[in-house]
Amino acid sequence: MKKSILFLLVICIFFGNPVNAQVGRLLNKASKSVTNDAIGKPESDSKTAKQQPEPKCACEQPELIFDLGGSLKLMYSEINVSVKDDGSILVKDLVTKNYYIVKDGVTQGPYKDGDPKLAGFDNVEDAAVAKGTTPWANNEYISKSGEKYLIKFGGKSYGPFGEIKEFKVSKSKDKFASIVIENIPVSEADGKKMEEAIKNAKTDQEKMDLSMKYSQEMMQKMQQGGGPMSTMPKLVTNIPGATYDPLKSVGGTLNSNIKYDDILFSTYEKVIDLSNKVLLTLKPDAAGAKDLFVNTANTKYAFYNYGTLTFSDGTVMSELFNPHLVKVNGQVYLAYMYYSPKKNAIMQCKIPF
């Protein structure tokens with residue numbers, strides 16, 4: 001990095017003003033795709049597959065999710081599966097690139113990338129972000145107002161904000177929580193202009209003058225936007241009693257999938273609610289788990305990694321995928337799926353949780 005840029009950054013740090021670039025939404029969502037490395041690939045011959053034993057995670061009365069041997073004739077080793085909040089299941093044929101949606105036992109499709117009916121499924125949304133989609137462009141609650149963002153939820157408006165770092169909505173769609181920054185003294189575009197101007201300066205004195213000029217401009221913007229604290233992340237939510245302060249946390253993110261119909265904050269070591277109450281302290285083996293789940297009573301947790309579901313009481317279940325929380329007739333369950341060689345189908349089991 002050139003000395004002029006370093007000098008500019010030093011000036012900003014001296015005044016307590018971090019130079020924040022606008023970022024896209026965190027791609028820290030938990031992926032719910034079938035992983036062949038974790039749970040293996042069945043033989044292509046159906047007779048051979050049916051001779052294979054059922055996985056250890058199989059339950060006595062599983063629910064049929066998707067029959068691979070039906071009219072579609074799909075191979076288990078050539079599909080990806082993901083679950084939407086409303087219980088819909090997306091099956092992608094990796095060979096034909098066709099998508100099928102299964103809900104309440106009914107299969108619809110095929111659909112192709114870009115079809116509106118695919119909206120809301122993790123793997124489709126992540127693919128859009130990877131292609132450079134504008135941050136929050138497809139979020140129904142967030143809109144752009146000039147260079148800033150507005151959150152509209154439950155008939156109320158929040159903002160404008162210079163940056164939205166995280167945004168989560170509960171399964172019932174009545175609660176939201178977001179980590180935001182009110183004021184960005186220098187946007188990504190402004191930062192590039194400054195860097196280019198300093199780069200093209202002919203003398204060291206000219207570079208120094210430009211650095212001082214831009215530092216003063218950023219200080220003015222910061223003061224106009226609410227002072228130094230307006231450049232720091234803060235929690236915005238409609239959840240009563242929320243007092244969580246992102247500035248006092250060390251790592252971790254907001255998560256709406258850990259506990260059914262709730263939004264919590266999770267770190268490598270703890271699960272915390274938005275009133276700053278520590279619900280559970282995690283064992284070291286749960287650190288960095290792909291997916292984490294807390295039961296309704298806040299007395300038990302489970303974490304998922306590469307086909308294995310491990311519970312805080314020591315119980316371990318393997319050869320499964322797509323663990324997720326569901327609610328049926330008032331009871332919350334931790335559901336998971338597995339491949340049945342005998343039925344040549346995707347099955348689902350539910351554990352009261």
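How many aromatic pairs does a search of the whole structure find? The search finds 10 aromatic pairs. The legends below refer to a predicted model.

**Figure 1. Tyr 76 pairs with Phe 321 and with Tyr 339.** The rings of Tyr 76 and Phe 321 form a tilted pair, at 6.3 Å centre to centre and with 35 degrees between the planes. Because Tyr 76 lies in the loop between β1 and β2 (79-83) and Phe 321 in strand β20 (residues 321-328), this pair ties together parts that are 245 residues apart in sequence. Tyr 76 and Tyr 339 are stacked, with 4.3 Å centre to centre and 10 degrees between the planes. Tyr 339 belongs to strand β21 (residues 331-340), so its pairing with the loop residue Tyr 76 joins parts 263 residues apart in sequence. Tyr 76 is buried at 4% relative accessible area, Phe 321 is buried at 0%, and Tyr 339 is buried at 9%.

**Figure 2. An aromatic cluster is linked by ring pairs.** The members of the cluster are Trp 136, Tyr 141, Phe 153, Tyr 158, Phe 167 and Phe 176.

**Figure 3. Lys 144 lies over the face of Tyr 149.** The distance from Lys 144 to the ring centre is 5.2 Å.

**Figure 4. Lys 350 and Glu 63 form a salt bridge.** The closest N and O atoms of the two residues are 3.5 Å apart. Lys 350 is in strand β22 (residues 345-352) and Glu 63 in strand β1 (residues 63-67), so the bridge ties together parts that are 287 residues apart in sequence. Both residues are partly exposed, Lys 350 at 36% relative accessibility and Glu 63 at 35%. The count for the structure comes to 4 salt bridges.

**Figure 5. Glu 182 and Lys 234 form a salt bridge.** Their closest N and O atoms are 2.3 Å apart. The pair links distant parts of the chain, 52 residues apart: Glu 182 is in the loop between β10 (176-181) and α5 (188-199), and Lys 234 is in strand β11 (residues 234-237). Glu 182 is partly exposed at 26% relative accessibility, as is Lys 234 at 33%.

**Figure 6. Lys 165 and Glu 163 form a salt bridge.** The closest N and O atoms are 3.4 Å apart. Lys 165 is partly exposed, with a relative accessible area of 29%, whereas Glu 163 is buried at 2%.

**Figure 7. The pLDDT is below 50 over residues 1-45.** The chain has a mean pLDDT of 78, and 75% of its residues reach 70 or more. Beyond near neighbours in sequence, residues 1-45 have 104 contacts in the model. Over residues 124-132 the pLDDT is also below 50, and this stretch has 11 such contacts. Where pLDDT is low, the predicted coordinates should not be read in detail.

Key:
Residues are numbered from 1 along each chain as its sequence is written. This is a predicted model: local features need pLDDT of at least 70, side-chain atom pairs count only at pLDDT 80 or more; totals for chains, interfaces and linings use all residues. Side-chain values use heavy atoms; hydrogens and water are left out. A salt bridge is a side-chain nitrogen of Lys or Arg within 4 Å of a carboxyl oxygen of Asp or Glu. Helices (H or I, at least four residues) and strands (E, at least two) are DSSP runs, numbered from the N terminus. Buried means under 20% relative accessible area, exposed over 50%, partly exposed in between (1.4 Å probe, protein chains only). pLDDT is the predictor's confidence in each residue, from 0 to 100. Contact means heavy atoms within 4.5 Å. Rings of Phe, Tyr and Trp (its six-membered ring) pair if their centres lie within 6.5 Å; planes under 30 degrees apart count as stacked, over 60 as edge-to-face and the rest as tilted. A charge sits over a ring if NZ of Lys or CZ of Arg is within 6 Å of the ring centre and within 35 degrees of the ring normal.
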